[in-house]
Amino acid sequence: MQIYDDIVIGAGHNGLTAAAYLARAGRKVLVLERAPHVGGATVSARPFPGMDARLSRYSYLVSLLPRQIIADLGLDITLVRRRYSSYTPLPADPSRGILVDTADEAATAASFRAVTGSDADFHAWKRFYAAMSTIAEGVFPTMLQPLVSADEMAMIAGGDLAAMDMWELLTTEPAGAIITDTFGDDLVRGIVATDGLIGTFADLDDPSLAQNICLLYHLIGGGTGDWDVPVGGMGAVSGALATAAVDAGADIRTGAEVTAVDPGYGTVEWDQGTARAEFIHAACAPFVLDRLVGNDGALQPKPRGAQLKINVLLRRLPKLRDTDVPVGAAFSGTFHIHEGFDALARSHREVAAGRIPTTPPSEIYCHTLSDPSILGPDLTGMHTLTLFGLHMTPELFTRPGAKDEAVAATLAALDSVLDEPIADVIATDSTGAPCIEAKTPPELEAAVGLPGGHIFHRPLQWPWAESPTEVGTWGVETGHRRVLLAGAGARRGGGVSGIPGHNAAALVLRS
C-alpha cells in the first residue's frame, strides 16, 4: 500500500487548489479523478463535430475566485471585466429594455427611465447595490480565514449604516419581501431576484432564506460582486491549477474512480489500488462522500439541482427588437429572458406542481464578445451563447421527451424577445446538425458527479459559524478527523472559487 500525506478525491478546481497548496508545502499528495481528464465542471470542450469552438461547458464565469489564490499559486490566468452588467428586454414590449452600463451612469439611468417611467427605481438600485458593495468588501476577505460568529460577521459586513440595515434584512427577511419593498417595477425586481435563484430552487419568499444565501454569494465575489470572463474559457482556469499542482509535485491520476474510504485509518480504495494518508480531502459532493464512507445516504438527502444549461454556436448574433441597444452590448453582459419578478414566481409554481414552465426564465451571455480566443481561425466572426435556465429540477426530466420540451420552451421564450428566431443564426457542424447542446440535472449528475445535478453540491450555507463550536474552524471539517470537505459542498462553497480547497489545505498546514 502506498502512503501519502494527503489524498484528494476529485480533480475539479477545488481539488486541484487543495493539491497545489499542499504539494507546494512539501507534502506528498495523490489526486484521484474519475473522469479521463482534470477540471470537473470547470472545463472547456469542443462539443460540436468539426467546429473548433472551445466552450466553457458547465461553468461559465468567475466571481468568487480570490485574487489571493491566483497570486499564491502563481496561476497563469487572465480574467476580463465586463463593461455591461446586464440587459433585460421588457417581455410585453421587447422594443424596450434595461441596459446596465457600468461605464455610463447617465445611460443606465435613461434606460431605467424608459422602462419604469421614472428615476425612482434607478436611485433605489444605486442605494441597494452600494450597500451590497460595502457588505462584499467586508465579507469576501473572510472567506479564506477561520469562521467567525454571526455577530462578528454582522460587524464586519456593516461598514456603514446602510450596509448594517441591509445586512439585518438579508439575514432575517426573505429576499422577495426585501426586493418588493425596495423596488416598484416588476422587471427591476426580477433582475435583482435572479441572483438568488441561480442553481437554487426556492420561492423568493421561502422562510428558510435559501434564496437570500444564494443572493449573497452572487453579490460578494472579489469584494465587488463582478462576474469576469476567463480568457481561454473555464478550462484555462482548471488547467492552470493542474499545472500548479503538478509542478509542485502532486501525483494526479485520471480515470481513477474512488470506491471506498476508511475514515479511521485514512485509506482510500479505487478501481486500480489502495492508498493511505494522514488526511483525505473530499473535493466530491458530501452526498458522494457519505456513500464512500459507507453511510449510504444516511447523513443527508440527495440534493436537488435546478437548472437547464444550453450551449450554442452562432453564425452571428441575433437581431434585437430594441434598436436603441447595440447587439454587442446586450449580449456581452447577462441577458435576462422572462425574468420579471412575477414571471419567476409563476415559473416556480409551475415546477413545484411538476410541470415544465410555460415560459421558462433564463439568462445568457456571449463569451466570445469578451474573449474570441476560444474560437479557431476558421470560425472568425461567429459567437457562442451560454444559457442558464432557472427552476429546472431533476424530476421534470423523468418522462420521455421532457428534455426536448424544456429546450423548445426555453428557446421559444428567447425568440419572443428577439427580432428573429435564434434557430436562424445557429451554426451547423460538420455533420449538418445544429450546434446546440443541452444538459439537464440528471445529465450533469452522470457527466460530472453532481448529485441531483446540484451545481453547488448541496444548498449553499451562510459564510459564518452557525454554532459556537464552529467558531475558529475552517468550515471543511467532517465527523471524521482525517476527512475534510474540499469541494463546493463545504461551508463557503459553491461557484468557481477554490475557497474550499484553500481552506482544507489551510487546516492541515496551520494545525
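The lining of the largest cavity has 9 nonpolar residues, no polar and no charged ones (Ala, Val, Leu, Ile, Met, Phe, Trp, Tyr, Cys and Pro count as nonpolar, Asp, Glu, Lys and Arg as charged, and the others, Gly among them, as polar). This is a predicted model, in which local features need pLDDT of at least 70 and side-chain atom pairs count only at pLDDT 80 or more, while totals for chains, interfaces and linings use all residues. Residues are numbered from 1 along each chain as its sequence is written, and side-chain values use heavy atoms, with hydrogens and water left out.

**Cavities**

- The structure holds 2 cavities of 30 Å³ or more; on a 1 Å grid over the protein atoms alone, a cavity is a set of points where a 1.4 Å probe fits but cannot get out, and lining residues have an atom within 4 Å of a point.
- The volume of the largest cavity is about 70 Å³, where a volume is the space filled by probe spheres set on the grid points, which are joined across faces, edges and corners.
- Around the largest cavity stand I310, V312, I364, L385, L387, L411, L414, I422 and I426.
- Two or more of these lining residues come from each of β13 (307-314), β16 (383-390) and α15 (402-415); helices (H or I, at least four residues) and strands (E, at least two) are DSSP runs, numbered from the N terminus.
- The second largest cavity, at about 30 Å³, has F456, R458, P459, L460, Q461, A488, G489, A490, G493 and G494 as its lining.
- By class, the lining of the second largest cavity divides into 5 nonpolar, 4 polar and 1 charged.

**The open sheet**

- Here 7 strands form an open sheet with mixed pairing, in the order β7-β6-β14-β15-β16-β13-β17; two strands pair if DSSP finds at least two bridges between them.
- β7 (93-101) and β17 (436-439) are the edge strands, and because each has a single partner strand, one side of each is left without a neighbour in the sheet.
- On average, neighbouring strands of this sheet are turned by 20 degrees against each other, direction ignored.
- β14 (residues 334-337) and β15 (residues 362-365) run antiparallel and are joined by 3 bridges, and F335 has I364 in β15 as its bridge partner.
- I364 also belongs to the lining of the largest cavity.

- Helix α3 (residues 105-116) lies across β6 (84-90) and β7, at about 150 degrees to β7; axes are lines fitted to C-alpha atoms, for helices over the stretch in contact, and angles run from 0 to 180 degrees between N-to-C directions, with contact meaning heavy atoms within 4.5 Å.
- The second largest pocket has a volume of about 270 Å³; a pocket is an open set with protein on both sides within 12 Å along at least five of seven lines.
- Among its 16 lining residues, G97, L99, S111, D324 and V325 are the closest to the centre of this pocket.
- β7 and α3 are the elements that give two or more residues to this lining, and α3 gives the most, with 6 residues.
- The lining of this pocket is made up of 8 nonpolar, 4 polar and 4 charged residues.

**Two histidines with positive phi**

- Most residues other than glycine have a negative phi.
- H338, in the loop between β14 and α13 (341-352), has a positive phi of about 50 degrees.
- H338 counts as buried because its relative accessibility is 14%; buried means under 20% relative accessible area, exposed over 50%, partly exposed in between (1.4 Å probe, protein chains only).
- H457 has a positive phi of about 75 degrees and sits in the loop between α16 (441-448) and β18 (483-485).
- H457 is also counted as buried, at 11% relative accessibility.
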